[in-house]
Amino acid sequence: NNEVKGMFYAWAGFGSRINDEHNSSYHFLQKAMRIGRENENKKLIGLASAWIAWTCGELGLLDEAISHGRRAHKIAEKYKDDHYLHFKSLGGIAQAYIFKGELQQSFSLANALLEYGNKHSNVRSIVLGNVFMGWSEFMAGKYMSAIDFCKNAMQHSVDPYYSMVSKLLFC
């Protein structure tokens, strides 16, 4: 089944990124997107695009990260009940803008994540919104504010992954 195979590659890509294996992540996620395109599976394309946005950011492929994140977000708009796809795509874009030093863009996306999280009671979106507000503040030289946002993210974290993400600025 191609859908299962595509999801396998998508999850392998996600897992590889978590393990700092960014080149492997990129390869797996490209493969997942190809399978999604060949089978016209928008959901698979969206998920792989959202995750590869994060991978591309880590690889310094910032314009590509933004492009993938935007594609995923456009797909997320068709699946209103898929909160994960919505906030994960925005987060990938926000990360790329932070790495590019385009802080107005990252502040705007962080705020969108906070608004979305509060509107839909989605703590992961709230965590990412606070994390990216913190990173944006840090890059702007506002260190105490950055710490406050990241502490707020830590207070909202309900699972190990997002708890870890909220502490990255302190490393």
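**Exercise 1. Which side chains meet in a salt bridge at 2.6 Å, N to O, and which helices hold them?**

Solution. 
- Step 1: find the pair. The side chains of Asp63 and Lys100 meet in a salt bridge, 2.6 Å from N to O. This is a predicted model.
- Step 2: Asp63 lies in helix H4 and Lys100 in helix H5, so the bridge ties together parts that are 37 residues apart in sequence.
- Step 3: Asp63 has a relative accessible area of 53% and is exposed. Lys100 is partly exposed, at 33%.
- Step 4: widen the view. Asp63, Lys100 and Glu102 are linked in a network of salt bridges.

**Exercise 2. Compare two salt bridges: Glu38 with Arg34, and Asp82 with Lys43.**

Solution. 
- Step 1: begin with the count. The structure holds five salt bridges.
- Step 2: take Glu38 and Arg34. Their side chains meet at 3.4 Å, N to O. Both residues lie in helix H2, four residues apart, which is about one turn of the helix. Glu38 is exposed at 53% relative accessibility. Arg34 is partly exposed, with a relative accessible area of 36%.
- Step 3: take Asp82 and Lys43. Their side chains form a salt bridge of 3.3 Å, N to O. This pair links distant parts of the chain, 39 residues apart. Asp82 sits in the loop between helix H4 (62-76) and helix H5 (83-100), and Lys43 sits in helix H3.
- Step 4: Asp82 has 18% relative accessibility; buried means under 20%, so Asp82 counts as buried. Lys43 is partly exposed at 37%.

**Exercise 3. Describe the overall build of the chain: what elements does it have, and what box do its C-alpha atoms fill?**

Solution. 
- Step 1: count the elements. The chain has nine helices and zero strands.
- Step 2: Along the principal axes, the C-alpha atoms fill roughly 50 × 30 × 30 Å.
- Step 3: look at burial. Of the 171 residues, 50% count as buried.
- Step 4: look at the contacts. Among contacts with a separation of 6 or more, 53% come from residues 24 or more positions apart.

**Exercise 4. Classify the ring pair of Trp11 and Trp51: what are its distance and angle?**

Solution. 
- Step 1: recall what is needed. A pair of aromatic rings is described by the distance of the centres and the angle of the planes.
- Step 2: The centres of Trp11 and Trp51 are 4.7 Å apart and the planes stand at 65°, so the pair is edge-to-face.
- Step 3: Trp11 lies in helix H1 (residues 2-18) and Trp51 in helix H3 (residues 42-59), so the pair ties together parts that are 40 residues apart in sequence.
- Step 4: Trp11 is partly exposed at 48% relative accessibility. Trp51 is buried at 1%.
- Step 5: Phe14 and Trp51 form a tilted pair, 4.6 Å centre to centre with 35° between the planes. Phe14 is in helix H1 and Trp51 in helix H3, 37 residues apart. Phe14 is buried, with a relative accessible area of 14%.
- Step 6: find the cluster. Ring pairs link Trp11, Phe14, Trp51, Tyr84, Phe87, Tyr161 and Tyr162.

**Exercise 5. Trace the contacts of His22, Thr55 and Tyr9, setting aside residues up to four places away in sequence.**

Solution. 
- Step 1: start at His22. This residue is in helix H2 (residues 22-38). His22 is buried at 14% relative accessibility. It touches Ser16, Arg17, Thr55, Glu58 and Leu59.
- Step 2: move to Thr55 in helix H3. Thr55 is buried, with a relative accessible area of 0%. Its contacts are Arg17, His22, Ser25, Tyr26 and Leu29.
- Step 3: turn to Tyr9 in helix H1. Tyr9 is buried at 14%. Its contacts are Phe28, Leu29, Lys31, Ala32 and Ile35. The C-alpha atoms of Tyr9 and Ala32 are 5.2 Å apart, though 23 residues separate them along the chain.

Notes:
Residues numbered from 1 in each chain as written. Predicted model: local features only at pLDDT ≥ 70, side-chain atom pairs only at ≥ 80, totals over all residues. Heavy atoms only, no water. Helix = DSSP H or I, 4+ residues; strand = E, 2+ residues; numbered from the N terminus. Buried < 20%, exposed > 50% of the residue type's maximum accessible area, 1.4 Å probe, protein only. Contact = heavy atoms within 4.5 Å. Phe/Tyr/Trp six-rings, centres within 6.5 Å; stacked < 30°, edge-to-face > 60°. Salt bridge = Lys/Arg side-chain N within 4 Å of Asp/Glu carboxyl O.
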